[in-house]
Amino acid sequence: TSAAVSMSGGVGALSGSIGVSLSESKVGAGNLGDRAHTTVATVVGSHLDALGDVRVQATADEDHHVQVAAASVAVAIGIGVGLAGAGLDAVIENHSTVEAIVNNSSIYADGDLTVRTDSRTTVDDSIGGGSTGNTMVGTATSVGLGAIAISASLLEADVQNASRAHITASEAEVIEALRNLDVDADADVDLTDLNGVGVTLGVGVVAATGGGLNITLTVANDVTAKIDMASRTDRVYAGGNLTVDAYESVTMTSDIANTSLAAAPIGLAIGAAVMVSRHSSAVTATVADVAASAGDDILIVAKSDLNIDRADSTGVTMGTVATTVNTSTAQANATVQAVIQNAQVAATDQLDVLSTYDATVRASTLGVSAGLGAIGAMIATIEAGKGTSNDSQVTIENKSDLRGVGITLQSEIIADLFAKTTAGGGGGGAATCAVSNLYDSPTAANRVADGAATTAH
């Protein structure tokens, strides 16, 4: 938090004030293959024989609580000029790898065998156990015969976690659980109630104000649950249910409000509010190069639940000449896949292979521009789906053989999208526009390659 106050008086008085606040909160760095922050549970080159359960689990919890503020006030008494500037920059990065790996090992469990990862990341503005309501606040106030006030606020939250639960082998191994066998990779991201407020005020005979806010939220996780042995004759068996489950849950809620006011006979007010939320994770469940069987059901499922509940921008400008531009953009571009490659998969009861991308996305803008000359542009955009490849896909290939009493292959897209834009203008002459763009182009597909077999009996 920063604050600056300046005051001067007399003929030809000049008063200048600048307030700047910078904040960083970072966990990990680097790309997905080379992470500085890792949480790992491994069983490598081993033989485990348990009378009860075997559990290989890795869990990582990262929390970022962020609040930043900057204020600047400049007052020039008499015949003078006041200059005030406020700047905010908050950067939150979370690049974490969580792995539970069984590699080149034989395991026999009389009970359950569980290989599981849990990656949980939270970014919010709760400080000291509660939220005060605003993640960032920037204000600039200038008073004088001539007054200039400028504020700029930026917040970027970038989450790119890897959550990987794998059973793999490059040589002949046997994995057996007399009850249930679960390979689960889970990632949970909450970017909640992140918001910004900006106010710029210029008071004088001649005044110019400019205010801008930008919040960008990005989630691009890599979530994989996998059984991949050396060959399709290597045995993985569960006496009960066998589950390979890759699951992601993402919530993003954010809004910004910007006000720019030039209170003067000759006044120029300019404002911009930009809100961006992006989701581009990869969620994959894979069974490959193995003879997998279960005494009950087999479930191979990949699912991503996305909720961009709020991506809102609001801007108000008032002056002799007033201009405001507000944009809100929300993008849902994840890839979700359930894959069986070169495998024999046999369930005594039901065999389900499922891929689901469930996206609820909201984006809205509201803007008002008032003055003798008022110009405003409000744009809300939602983009769902890449449009060039399948967003949700089930793939059966390399002569895989699937057997069960019932077999379900299902890829699914659930898209609930809504964009809203409101624009207002008033004064001697006003020109405003409101544009809502909605691009809904996700694709779901089931792909069963030549040579693959499915037998329901």
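The structure is a predicted model, so local features need pLDDT of at least 70 and side-chain atom pairs count only at pLDDT 80 or more, while totals for chains, interfaces and linings use all residues. Residues are numbered from 1 along each chain as its sequence is written, and side-chain values use heavy atoms, with hydrogens and water left out.

Take β17 to begin with. Strands here are DSSP runs of E with at least two residues, numbered from the N terminus, and two of them pair if DSSP finds at least two bridges between them. Strand β17 (residues 181-203) runs parallel to β21 (residues 242-263), with 21 bridges joining the two; Thr-200 has Ser-260 in β21 as its bridge partner. Strand β10 (residues 113-124) also pairs with β17 in the parallel sense, over eleven bridges, and here Ser-119 is partnered by Ala-187 of β17. Then there is β13 (residues 136-143), parallel to β17 over eight bridges, where Leu-201 in β17 stands opposite Thr-141.

Now for the surface. Val-81, Leu-83, Ile-148 and Ile-150 make up a nonpolar patch of about 300 Å². Patch residues have over 30% relative accessible area and no salt bridge, and nonpolar side chains (Val, Leu, Ile, Met, Phe, Trp, Tyr) are joined within 5 Å, like charges within 9 Å. A salt bridge puts a side-chain nitrogen of Lys or Arg within 4 Å of a carboxyl oxygen of Asp or Glu; areas are Shrake-Rupley values with a 1.4 Å probe, with only the protein chains shown counting as cover for residues. At least two patch residues come from each of β7 (80-94) and β14 (146-159). Ile-148 sits in β14 and counts as partly exposed because its relative accessibility is 35%, between the cut-offs for buried (under 20%) and exposed (over 50%).

Methods: Helices (H or I, at least four residues) and strands (E, at least two) are DSSP runs, numbered from the N terminus. Buried means under 20% relative accessible area, exposed over 50%, partly exposed in between (1.4 Å probe, protein chains only).
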